[in-house]
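Hi,

Here is the structure I promised to pass on. Have a look, and my notes follow below.

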Amino acid sequence: MEKKEQLYEGKAKKVFATDDANLVIVDYKDDATAFNGEKKGTITGKGVINNVMSNHMFQLLEQQGVPTHFVEQLSERETLVKKVSIVPLEVIIRNISAGSFAKRFGVEEGIVFDEPTIEFSYKNDELGDPLMNAYHAIALKAATREEIETIKAMAFKVNEVMKQYFDTLNVILVDFKLEFGKTADGKIVLADEISPDTCRLWDKTTKEKLDKDRFRRDMGGVEEAYQEIMKRVMGK
Ligand code: U5P
């Protein structure tokens, strides 16, 4: 598969065209940002970890019946994926209070919910990804009602698969963000990435944070946390 011109550069990834119009190559960077790009830094080795871990998660989810954009890992940092148009929604599932939920509702972190929650934010950097509900998404033509129902069902399914999987690694899946894409034939598939950048992952025994909150909150031990998750996921 030939890597052609760069189509897009985001905060953590670059996307390149290939000689197949339906496939693109994602190239993961070590660049890290938080708070809508206000905080910038580098997490050495993050690109490799996020690439390998995302591909592992996407393959696990495919086995469990969740369609994803994943095609084939090409190198440590590069993966061939289906070309999709990204649905401009960030879909966040929470099992335990943390982050913006704890702040918005004035509660402490660590409250275990009886049921997972779902929320959407509008993918728009200029506006700071504002929170939105399904009606707003339909009004803005971000997605149709049917697409939103598909996305919701897929997101809860992803949660069930991932919660069980991380439990076997002695990790609690606190919350995470998903993005979905539409293929050329209009099918909704899971896209973007699943990594310590996009999930809150706590050690089950010590409750130690093993995710990007260590970078966001200047807690130190950022690289070590990413490596620890990689070790548990890949067994190395
Ligand atoms: N999250 C992202 N990207 C964002 C915002 C949030 O991946 O731009 C993820 C966080 O890593 C966390 C979840 O797992 O979504 C909820 O974040 P927050 O709304 O509590 O900040």
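The charged end of Lys-3 sits over the ring of Phe-16, 4.2 Å from the ring centre (NZ of Lys or CZ of Arg within 6 Å of the centre and within 35 degrees of the ring normal). Lys-39 does likewise with Phe-215, at 5.0 Å.

Before going on: this is a predicted model, where local features need pLDDT of at least 70 and side-chain atom pairs 80 or more, while totals for chains, interfaces and linings use all residues. Numbering starts from 1 along each chain as its sequence is written, and side-chain values use heavy atoms, without hydrogens and water.

There are three aromatic pairs (Phe, Tyr or Trp rings, the six-membered one for Trp, with centres within 6.5 Å; planes under 30 degrees apart are stacked, over 60 edge-to-face, the rest tilted). Tyr-165 and Phe-166 pair edge-to-face, at 5.5 Å and 65°. Tyr-165 is buried at 14% relative accessible area, and Phe-166 at 0% (buried is under 20%, exposed over 50%, partly exposed in between; 1.4 Å probe, protein chains only). Phe-101, Phe-105 and Phe-113 are linked into a cluster by ring pairs.

Then there's helix H6, residues 222–234 (helices are DSSP runs of H or I, at least four residues, strands of E, at least two, numbered from the N terminus). Its buried residues are Val-222, Ala-225, Tyr-226, Ile-229, Met-230 and Val-233. They sit on the same side of H6, because they cover an arc of only 135° around the axis (taken from the directions from the axis to the C-beta atoms). Just after H6, Gly-235 has a positive phi of about 70°.

Cheers

Technical notes: Expected span 1.5 Å × (residues − 1).
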